[in-house]
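Biologist: Could you take me through one part of this model slowly, as if I were new to reading structures? I'd like to look at it together with you.

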Amino acid sequence: MMEREHSDKEEDHENLISQNARSNDAVHSPNHRRSSFQIDDFKDQISSTSRKCHKRYLFAVFLSIMILLLYFTTDLKNLFQTRIPMAKDLGDNPSVNRMRESELRALSLLQQQETELFKTWNRTALMTKLYFDDVKNSGVVNRTSVDDNDKDIVTSSMLEDLKSRVFSQILLNKQIQGILLSSHENGDFVDLTENYTDASFGGWSRCGKVDQRLSERKTIEWKPKSNKYLFAICASGQMSNHLICLEKHMFFAALLNRVLVIPSAKVDYEFHRVLDIEHINKCVGRKVVVTFEELLESKKNSVHIDKFLCYFSLPQPCFVDGDHVKKLKGLGLTFGKIEAVWKEDVKNPKERTVQDVLGKFTSDDDVIAIGDMFFADVERDQVMQSGGPIAHKCKTLLEPHRLILLTAQRFIQTFLGKDFIALHFRRHGFLKFCNAKKPSCFYPVPQAADCINRVVERAGSPVIFLSTDAAGSETGLLQSLIASNGKIVPLVHRPARNFAEKWDALLYRHGLEEDPQVEAMLDKTICALSTVFIGSSGSTFTEDILRLRKDWGSASLCDEYLCQGEHPNFIAEDE
């Protein structure tokens with residue numbers, strides 16, 4: 001019994017060892033001890049493993065060689081580039097054929113539209129020519145009706161606006177055609193190399209020059225008597241107001257056959273620093289203006305004003321106060337009573353004619369003075385015409401000092417180039433002034449930027465000259481909002497004096513530097529020479545620039561007041 005149990009235990013033990021041995025062989029345990037009877041089996045396993053490793057090594061080497069060969073012999077760019085199959089590649093794919101047919105149909109329609117747009121363009125050009133030929137042939141040359149002139153201007157403006165819109169559609173049409181053709185490998189369906197959609201095709205530009213109709217000017221001769229003088233009195237506003245006042249005094253002097261006396265710097269601005277006074281005499285061809293100092297010398301330092309006449313009686317005669325009268329007397333001038341020739345209020349000036357002026361201001365006295373005439377409304381259309389109301393051989397009589405003009409040209413050559421927009425951005429003290437008007441003319445900076453961007457888009461100019469009294473916080477915001485085609489359009493200011501720059505050397509060489517009035521006239525001159533001008537409505541600074549542009553022939557069809565025709569999108573309440 002015990003032997004049988006012992007035999008059973010040995011059998012179980014042998015079975016357990018055999019199972020454990022198979023299990024350990026299966027997992028290749030490193031701790032497994034092999035018996036002497038398993039040495040041959042172990043050698044066979046080592047030999048088999050070595051052969052397997054050798055095969056793997058050879059495969060890795062072969063794979064590496066194949067990768068290198070592929071790398072140097074294959075164009076990976078073309079291998080991985082996605083190519084959109086064309087209709088000819090896809091055979092009879094119905095959807096692709098329909099797409100191609102639609103695109104070609106669209107191109108055909110665009111070509112038809114382009115043809116019709118050109119027909120419209122040609123008709124517009126013909127209508128413009130016939131209109132102005134009719135005006136010339138009608139014999140109406142020297143019109144004095146403001147309404148008739150306004151109608152002419154409106155009609156011309158409407159025609160030019162229509163031209164601009166048609167031109168924009170032509171450009172858009174060609175752009176669409178180019179986009180549609182770009183999806184096809186063969187772009188020979190339409191010739192896009194023609195240059196007739198250039199911004200100046202047909203001799204026309206979207207921002208072309210304004211025709212000032214110089215042949216229709218109505219002028220008078222200025223032939224003064226050598227011993228008859230008109231003393232100009234200008235007292236209202238800043239320099240720009242005084243220049244407008246002086247221009248009207250010139251008209252009166254021509255009507256009254258008198259030599260105009262330019263006011264002394266002791267009672268007015270230093271006109272000789274900003275204006276080319278002798279230029280006026282050269283243009284007219286005779287001595288028509290003198291400085292106060294010249295008059296004083298000719299009168300042996302004793303000048304008496306025989307009559308001191310006032311155009312305006314309200315709010316006070318001649319628009320002069322007691323302080324101004326004292327300054328005049330301080331020059332050594334003597335004069336009698338200051339009297340108004342009629343009842344006239346600066347807040348509501350009446351329209352006057354040449355006959356009105358001659359009837360009230362004609363005198364046999366040697367020296368007369370006429371008070372401030374900035375607000376005077378005399379023969380408005382004649383005074384405002386290009387070149388002014390006086391016959392002369394120059395473009396304009398009131399012109400910036402020669403040194404200022406040359407400095408402006410040098411600035412443009414240095415910083416701007418021939419194609420630039422000029423912006424007069426009046427801000428200081430303008431908020432209250434504009435809000436007193438209906439509608440207001442003071443625009444938030446973002447709204448102003450939108451208006452400027454529209455002009456930039458139309459003109460296509462790469463840079464803007466900025467003449468402004470605005471704070472840096474406003475101009476900085478404005479600059480960040482001015483862009484065209486995703487690119488910032490720079491706002492260029494006149495920089496501070498830098499001895500490394502020579503564009504302003506003439507002013508320093510002749511003692512005209514750091515004079516606010518000279519700098520203001522320099523800004524005006526730069527603006528007057530620009531391709532396109534954007535002004536501030538209600539500003540006499542802007543009005544003087546527009547006068548120069550009109551007289552110099554630089555006025556553009558794209559010139560306008562800032563946000564012209566728009567109201568500010570936000571207006572503060574009154575105090």
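Biologist: How many bridges join strand E2 to E3, and do they run parallel or antiparallel?

Modeller: Happy to! Keep in mind that this is a predicted model. Strand E2 covers residues 259–262, and three bridges join this strand to E3, with the two running parallel. To find the pairing by eye, look for Val 261, which stands opposite Val 290 in E3. Strands of a sheet pair through backbone hydrogen bonds, either parallel or antiparallel.

Now let's step back to the sheet that holds this pair. Six strands form an open sheet in the order E3-E2-E1-E9-E5-E7, and the pairing is parallel. Strand E3 (289–291) and strand E7 (338–340) are at the edges with a single partner strand each, so one side of each has no neighbour in the sheet. From one strand to the next, the twist averages 30°.

Let's turn to helix H6, residues 239–255. The axes of H6 and helix H19 (residues 540–552) come within 8 Å and cross at roughly 50°, so the two helices are oblique to each other. Their crossing is left-handed. On the H6 side the contact includes Leu 243 and Ile 244, while Phe 541 and Arg 547 are among the residues from H19. The contact residues divide into three nonpolar, three polar and three charged.

H6 also meets helix H11 (residues 354–361): their axes come within 10 Å and cross at roughly 70°, which means H6 is roughly perpendicular to H11. Here Phe 251, Phe 252 and Leu 255 of H6 meet Val 354, Val 357, Leu 358 and Phe 361 of H11. This contact has seven nonpolar residues, no polar and no charged.

Terms used. Residues numbered from 1 in each chain as written. Predicted model: local features only at pLDDT ≥ 70, side-chain atom pairs only at ≥ 80, totals over all residues. Heavy atoms only, no water. Axes fitted to C-alpha atoms, helices over the stretch in contact; angles between N-to-C directions. Helix = DSSP H or I, 4+ residues; strand = E, 2+ residues; numbered from the N terminus. Parallel < 35°, antiparallel > 145°, perpendicular 65-115°, else oblique. Left-handed = near helix turned anticlockwise from the far one by under 90°. Contact = heavy atoms within 4.5 Å. Nonpolar A, V, L, I, M, F, W, Y, C, P; charged D, E, K, R; others polar. Pairing = 2+ DSSP bridges.
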